[in-house]
Amino acid sequence: MTIKKLCSGLKKKYVVTTILSPIAMIGEVVMEVIIPFIMARIIDVGIAQSNLPYVIRWGLTMVALAIISMICGVLGTVFSTYAAQGFGYTLRKRLYDKIQAFSFANIDKFSTASLITRLTTDVNMAQNVYRMLIHMCVRSPFMMIAGTVMAFSINPKMAILFLVAIPVIAIGIIVLSSLAYPRFEKMMKKFDVMNGAIQENLIGIRIVKAYVRQSFEEDKFKKSAEDVKKAQTHAEKLIVFMMPLMQIVMYSAMIAVMWFGGRQVIFGTMQSGELISFFTYVSQVLMSMMMLGMVFVSLVMVQASNHRIIEVLDEVPDIANPEKALMEVKDGSIRFENVNFSYNKKSENCILHDINIDIPSGAVVGVIGGTGSSKSSLVSLLPRLYDVLSGSVTLGGQDVRKYDLKVLRDSVAMVLQKNVLFSGTIRENLKWGNENASEEEMIEACKAADAHTFISSFPEGYDTELGQGGVNVSGGQKQRICIARALLKNPKVLILDDSTSAVDTATESRIRTALRELAPDTTKIIIAQRISSVKDADMIIVLDEGSVSGIGKHEELLKTNEIYKEVFESQQQGSGDADLAESEEEVSAGGNN
């Protein structure tokens with residue numbers, strides 16, 4: 001069942017080479033089995049009778065068979081290598097495609113570091129064992145059978161000597177392998193931890209350097225690497241006994257064959273050529289047994305990796321396309337009705353409680369709340385990055401769970417707190433929003449995001465190469481490119497999740513104005529920490545510990561919502577914002593009237 005799951009989706013050309021490899025190996029074995037028999041005839045007949053033509057004729061035959069054996073061996077190796085590479089490619093692609101279908105909840109379950117290990121280390125191990133299987137698992141058994149038959153045909157009594165070695169080797173392999181498997185499983189988990197430490201360090205390398213924490217990170221990695229080393233040593237120290245065990249048994253059998261065979265040659269009951277060919281067959285059989293033993297050990301070692309790979313392949317995506325999915329979002333109207341949400345899908349751990357919100361299409365909506373008030377979690381329900389635990393979220397008058405996922409996510413553009421740019425040019429990053437966007441459309445979106453000016457100042461303009469993650473642009477520039485990328489989707493809903501936090505208030509004001517003009521029909525949801533970012537919104541939602549504390553416009557909330565008023569006053573005192581002060585005077589005047 002495991003092999004069937006791993007090999008599912010293998011292309012025909014790789015299946016063909018998978019079949020051809022063992023066929024070629026059988027051809028090699030046949031030649032190798034015939035050669036000792038001919039060699040015995042040359043010694044016992046040709047050399048014994050000084051028949052030179054006989055020796056030459058059969059000698060040339062041996063050379064021809066050796067060449068054929070070599071050709072078959074090379075072909076078998078080429079076929080097995082090609083098939084194994086195809087197997088690894090197919091398996092890695094299946095894993096990657098499956099991960100792309102995962103929801104955030106599925107990814108959270110495995111962790112990013114573990115998924116990377118499964119895509120690399122685990123697949124590499126499975127690929128190597130696949131090659132070994134198709135290369136050796138036909139050749140070795142066939143050689144054992146053929147060699148044993150030939151040995152019995154020469155001297156049945158002496159053949160029993162080396163047959164005794166086979167069960168001894170088999171029992172040793174089974175016992176050691178069964179003890180090794182849990183150790184290899186533990187080793188792979190240590191790899192996950194080490195990869196997680198590497199990933200975290202590389203992502204946060206600027207913070208590490210800014211806080212001069214290189215020594216701490218080096219010590220942390222050293223500990224992770226040490227744990228991997230110990231786990232690997234603990235697992236493999238059992239396996240290292242395998243080869244000495246098999247060699248002791250094999251050489252003991254060979255010594256016994258040489259002893260008893262030599263005595264029979266001396267007493268004339270066995271010819272020299274027969275002893276040599278018999279000894280060759282014994283070597284072939286015992287070497288094949290050793291190879292099978294190593295294959296078995298490899299299968300035990302890879303079992304942990306196979307389990308981890310299948311765990312990903314068997315994972316059911318938490319979010320999937322519905323049957324008869326809706327293929328069009330009518331408008332950007334949004335409704336949250338009795339929504340409860342929990343990351344672990346347990347009602348006692350809900351982080352959003354009884355959310356009821358109505359947002360008309362084209363509105364500008366601000367979302368304010370303290371850290372941990374679940375602002376980002378709320379908007380993540382719109383494009384179905386997560387699904388509600390209970391209640392419903394509707395977009396364009398339809399439950400979001402009824403839409404085709406691609407259609408839904410094309411209709412909802414998100415600029416997240418953590419802005420991500422990819423290696424490539426600015427133009428290539430912008431085309432993530434719309435791969436068919438024209439130059440004019442890109443420029444218009446960048447102007448709206450207040451990004452066109454600084455992009456044009458670069459020598460290469462829109463063809464400027466960005467480093468991995470956009471490391472060669474500032475945080476504010478990165479945010480504005482991400483906003484422009486989202487605008488190119490021409491979405492029904494645009495979500496800005498604290499995505500202007502790295503720009504100054506003047507730039508932020510220009511962006512808000514441009515967004516109103518460029519996309520008047522697009523519903524805009526702005527999550528912010530600064531009240532100045534949302535005070536002009538058509539509607540402001542105040543969240544407090546996962547519940548709606550208040551909904552209204554800026555002036556209304558200053559009068560009716562204590563949380564909003566406290567945030568406003570603290571920010572006014574902390575920043576001396578003239579606009580906020582002016583707003584407060586207007587509200588006071590309105591109240592006196």
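# Asking how we know: a guided look at a predicted chain

Guide: Among contacts in the chain between residues at least 6 apart in sequence, 77% join residues at least 24 apart; contact means heavy atoms within 4.5 Å. This is a predicted model, in which local features need pLDDT of at least 70 and side-chain atom pairs count only at pLDDT 80 or more, while totals for chains, interfaces and linings use all residues. Residues are numbered from 1 along each chain as its sequence is written, and side-chain values use heavy atoms, with hydrogens and water left out.

Visitor: What makes the chain more spread out than a compact globule?

Guide: Let's start with its elements: the chain has 22 helices and 12 strands, taken as DSSP runs numbered from the N terminus (helices H or I, at least four residues; strands E, at least two). The radius of gyration is 36 Å, well over the 25 Å that the globule rule gives for 593 residues, so the chain is more spread out than a compact globule. That radius is taken over C-alpha atoms, and the rule is 2.2 Å times the number of residues to the power 0.38. Along its principal axes, the C-alpha trace spans about 130 × 50 × 50 Å.

Visitor: Why is Leu 421 called buried?

Guide: Buried means under 20% relative accessible area, exposed over 50%, and partly exposed in between (1.4 Å probe, protein chains only). Leu 421 has a relative accessible area of 2%, so it counts as buried. You will find Leu 421 in the loop between β6 and β7 (424-425).

Visitor: And Thr 90, is that residue buried or exposed?

Guide: Thr 90 has 8% relative accessibility, which is why it counts as buried. Thr 90 sits in helix α3 (residues 52-100). Not counting residues up to four places away in sequence, Thr 90 touches Ser 8, Gly 9, Leu 10 and Tyr 14. The C-alpha atoms of Thr 90 and Tyr 14 are 9.7 Å apart, although 76 residues separate the two along the chain.

Visitor: How many residues of the chain count as buried, as a percentage?

Guide: Of the 593 residues, 47% count as buried.

Visitor: What makes a set of residues a nonpolar core?

Guide: The members are buried Ala, Val, Leu, Ile, Met, Phe, Trp, Tyr and Cys residues joined through side-chain atoms within 4.5 Å. The largest such core here has 43 residues, and those with the most contacts inside it are Ile 426, Leu 430, Ile 455 and Tyr 564. Helix α18 supplies the largest share of this core, six residues. Apart from that core lies another, of 39 residues, including Phe 191 and Ala 235.

Visitor: How do you know that β9 and β10 pair, and in which sense?

Guide: Two strands pair if DSSP finds at least two bridges between them. Strands β9 (residues 493-497) and β10 (residues 523-527) have five bridges, in the parallel sense, so they pair.

Visitor: Why are β6 and β12 called edge strands?

Guide: They belong to an open sheet of six strands with mixed pairing, in the order β6-β9-β10-β3-β11-β12. Strands β6 (412-415) and β12 (547-552) each pair on one side only.

Visitor: Which helix packs on the sheet, touching β6 and β9?

Guide: That is α18 (residues 475-487), whose direction makes about 175 degrees with that of β6. Axes are lines fitted to C-alpha atoms, for helices over the stretch in contact, and angles run from 0 to 180 degrees between N-to-C directions. Helix α19 (residues 505-518) lies across β3 (364-369), β9 and β10, running at about 160 degrees to β10.
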